Amino acid sequence: MATGRPREFDLDERLDRAVAVFWRQGYEGTALSDLTAAMGINRPSLYAAYGNKESLYRKALDRYMDRGAHVREAFAQPTARAVAEHLLRGTVASTTGGDAPGCLMVHGALATGEQAGTVRDETAARRRANETALRRRFEQALLDGDLAPGTDAPGLAAYTVLVWYGIAVQAAGGATPEELHRAVDIAMNAFPAP
């Protein structure tokens with residue numbers, strides 16, 4: 001029985017290239033020709049390895065989230081305040097360092113037309129999942145006595161997410177790390193004491 005030719009490229013390395021294209025150009029701003037050129041593969045190879053453009057975008061989101069070490073590290077911090085600060089400062093670093101064009105979770109699928117509604121919805125669902133995880137972490141902090149009784153954990157999570165993704169929007173618009181760290185300083189001054 002004949003088998004197909006083995007792949008001559010590393011799937012993860014090519015997926016990283018797709019992440020970079022979607023990150024810079026967003027979902028709708030990225031043409032298949034942009035992806036094949038950046039990934040160094042032809043369309044049939046792209047389809048065979050990753051599926052269609054939407055499927056590739058979902059895989060790119062997974063890969064992007066897997067690489068978000070500062071988010072995982074933030075949730076491992078011992079206090080609610082440390083979680084928020086690590087998350088926000090890590091976002092400044094990840095959205096302004098090198099050639100980082102902001103946050104794929106924020107601008108990758110915000111400006112999309114009707115035909116890309118499922119991509120927009122998928123990205124929004126992932127952002128909501130992040131907020132839910134943060135709310136749960138803050139609710140646990142309430143139970144542990146790490147936040148003052150009566151602290152609005154859902155509201156605090158929503159506020160932190162607002163600053164988190166706002167950092168990414170401002171970074172994409174050219175804000176400097178210094179400007180963004182000043183904003184984080186203000187946010188942390190507003191963070192409730194235990």
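Author: Helix α6 (residues 80-96) packs with helix α9 (residues 153-172) at an angle of about 15°, and their axes lie 9 Å apart. Axes here are lines fitted to C-alpha atoms, for helices over the stretch in contact, and angles run from 0 to 180 degrees between N-to-C directions. The angle makes α6 roughly parallel to α9; angles under 35 degrees count as roughly parallel, over 145 as roughly antiparallel, 65 to 115 as roughly perpendicular and the rest as oblique. Helices (H or I, at least four residues) and strands (E, at least two) are DSSP runs, numbered from the N terminus.

This is a predicted model, in which local features need pLDDT of at least 70 and side-chain atom pairs count only at pLDDT 80 or more, while totals for chains, interfaces and linings use all residues. Residues are numbered from 1 along each chain as its sequence is written, and side-chain values use heavy atoms, with hydrogens and water left out.

The crossing of α6 over α9 is right-handed; a crossing is left-handed if the near helix is turned anticlockwise from the far one by less than a right angle, and right-handed if clockwise. On the α6 side, A84, L87, L88, T91, V92, T95 and T96 take part, and they meet T160, V163, W164, I167, A168 and A171 of α9. Contact means heavy atoms within 4.5 Å. By class, the residues between α6 and α9 are nine nonpolar, four polar and no charged. Ala, Val, Leu, Ile, Met, Phe, Trp, Tyr, Cys and Pro count as nonpolar, Asp, Glu, Lys and Arg as charged, and the others, Gly among them, as polar.

Helix α9 also packs with helix α8 (residues 117-143), here at an angle of about 135° with the axes 8 Å apart. α8 and α9 are therefore oblique to each other, and their crossing is right-handed. From α8 the contact takes R127, N130, E131, L134, R135, F138, E139 and L142, and from α9 it takes A153, P154, L156, A157, A158, T160, V161, W164 and Y165. This contact of α8 with α9 holds 11 nonpolar, two polar and four charged residues.

Buried means under 20% relative accessible area, exposed over 50%, and partly exposed in between (1.4 Å probe, protein chains only). Leaving aside residues up to four places away in sequence, P154 touches E131, R135 and E139. The C-alpha atoms of P154 and R135 are 5.2 Å apart, although the two are 19 residues apart along the chain.

As for the rest of the chain, it has 10 helices and zero strands. Of its 194 residues, 40% are buried. Among contacts with a separation of 6 or more, 66% join residues 24 or more positions apart. Elsewhere, α1 and α2 pack at an angle of about 135°, with their axes 9 Å apart, which makes α1 oblique to α2.
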